[in-house]
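Subject: Structure handover

Hello,

Here is the structure I promised to pass on. Please open it first, then read the notes below.

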Amino acid sequence: MMIKLAVGMFLVLGLVGCSSAGQMQQHALGDKLGVSNQLLDNAPDKKANSYAANPQVQAFITRLVEQDGFDKNALELAFSRIKIREKVIQKSDNQPEVITPYYEYSARFVNPQRIASGKAFAQKNKHWLLKAEKQYAVDWHVIVALIGVETYYGRITGSKDVFTSLTTLAFDYPRRQAYFQNELRAYLLLARENNWNIGATKGSYTGAMGMVQFMPTNYRKLAVDYDGDGHIDLWQSDADAIGSVANYLQHHGWEYNQPYWVMASVEDPDAITEWVNHDRKPIKTAAQWSALKVLPKQHFLNKKMGLVGLRTKADEVTYWLAYENFFTIMDYNPSRRYAMSVLALAENIGKND
């Protein structure tokens, strides 16, 4: 009996040893090829169950090897260690910017806690904000508010690995497949350029990164090393985040110290249905809106404006005539609920107490 027990223990220890040795070998290979050890630990049981078995992924790998000079072995290893993340698909089809009425959506962001935290963030980073405002001609309180809505000033930057999220959207979300395949390529280039292990980068369920939630293409194109320490860090460096947001908004046409909107009255909502929330740019002059019985309720600039209508109560729609700056915020996130919340938060942060 004792002999059988000893043999059993020996076999168990042997299997554990083999398993540990295998993991160590995988980790060593992952380190060598630049693949996160976390991916190696959480891999599908078989390659056939992974993204590496997907013919579209294989074609994608081939393109990256041929066009961008990637190491095929590294990409094969990385894609063989991940599978579809179903929650990414579910969340992409149920985004709060789309399904939540404005009065509920905005309450998450334009509230006393986030306003107070925004003022504290602004005070802490006064130097960088004034520098960015001067250099990029972007109002400082708008920079703060955008970071505040995106990640609560860096508190909530996402906990899922960007590689798996982007791969899921690139190959299992047909509605925007081309867009996310381009973002996945940009992420892999970004990882190579910054010596990140593939899969080690944490972000949102759509693959947005850091306290400013840049997608990989924007990270590569518009993120800046604003504190001058030799590398861009959108997770830990407030300065880099501030400079990057300012650079982004300038790039998309922000007009410094200009209004975003004016409140509007609409005589007959049914008569202007086709023009409410129409297009993502100013479309009519004040005179043209006046002909449709849409009138500014405040002093206004003689520029083209777009008509925004959002539900401010369950049984109430409020209207604004929006200038170019409003639509510049929509370049960051194409939701009027989002843009209105960012700018309303900015207004509150910029007020003197």
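Start with the hairpin strands. Strand S5 (residues 306-313) and S6 run antiparallel and are joined by seven bridges. The two strands form a hairpin, with two residues between them. For a reference point, take valine 308: its bridge partner in S6 is tryptophan 320. Keep in mind that this is a predicted model.

S6 also has a partner in S3. Strand S3 (residues 261-266) and strand S6 (residues 316-322) are antiparallel, with four bridges joining them. Here valine 262 stands opposite leucine 321 of S6. How much of S6 is buried? Five of its seven residues are, so the strand is mostly covered.

Alanine 264 has proline 296 of S4 as its bridge partner. As a general point, side chains in a regular strand alternate between the two faces of the sheet.

Next, the nonpolar cores. The largest one holds 91 residues. Which of its members touch the most others? They are Phe79, Ile147, Phe163, Leu188, Phe326 and Ile329. Helix H17 (residues 336-350) supplies the largest share of this core, with nine residues. A second, separate core has 13 residues, among them Ala286, Val294, Met305 and Tyr323. In soluble globular proteins, nonpolar side chains tend to be buried together.

Phenylalanine 163 is worth a click. Set aside its neighbours within four places in sequence. Phenylalanine 163 is then in contact with Leu39, Ala78, Phe79, Ile82, Leu184, Tyr187, Leu188, Ile198 and Gly199.

Last, a helix pair. Helix H14 (residues 238-251) packs against helix H16 (residues 324-332) at an angle of about 120°, and their axes are 9 Å apart. Why is the pair called oblique? Angles of 65 to 115 degrees count as roughly perpendicular and those over 145 as roughly antiparallel, so H14 and H16 are oblique to each other. Their crossing is right-handed. On the H14 side, Val245, Tyr248 and Leu249 make the contact. On the H16 side, Thr328, Ile329, Asp331 and Tyr332 do.

Best wishes

Definitions and conventions. Residues numbered from 1 in each chain as written. Predicted model: local features only at pLDDT ≥ 70, side-chain atom pairs only at ≥ 80, totals over all residues. Heavy atoms only, no water. Pairing = 2+ DSSP bridges. Buried < 20%, exposed > 50% of the residue type's maximum accessible area, 1.4 Å probe, protein only. Core = buried A, V, L, I, M, F, W, Y, C linked by side-chain atoms within 4.5 Å. Contact = heavy atoms within 4.5 Å. Axes fitted to C-alpha atoms, helices over the stretch in contact; angles between N-to-C directions. Parallel < 35°, antiparallel > 145°, perpendicular 65-115°, else oblique. Left-handed = near helix turned anticlockwise from the far one by under 90°.
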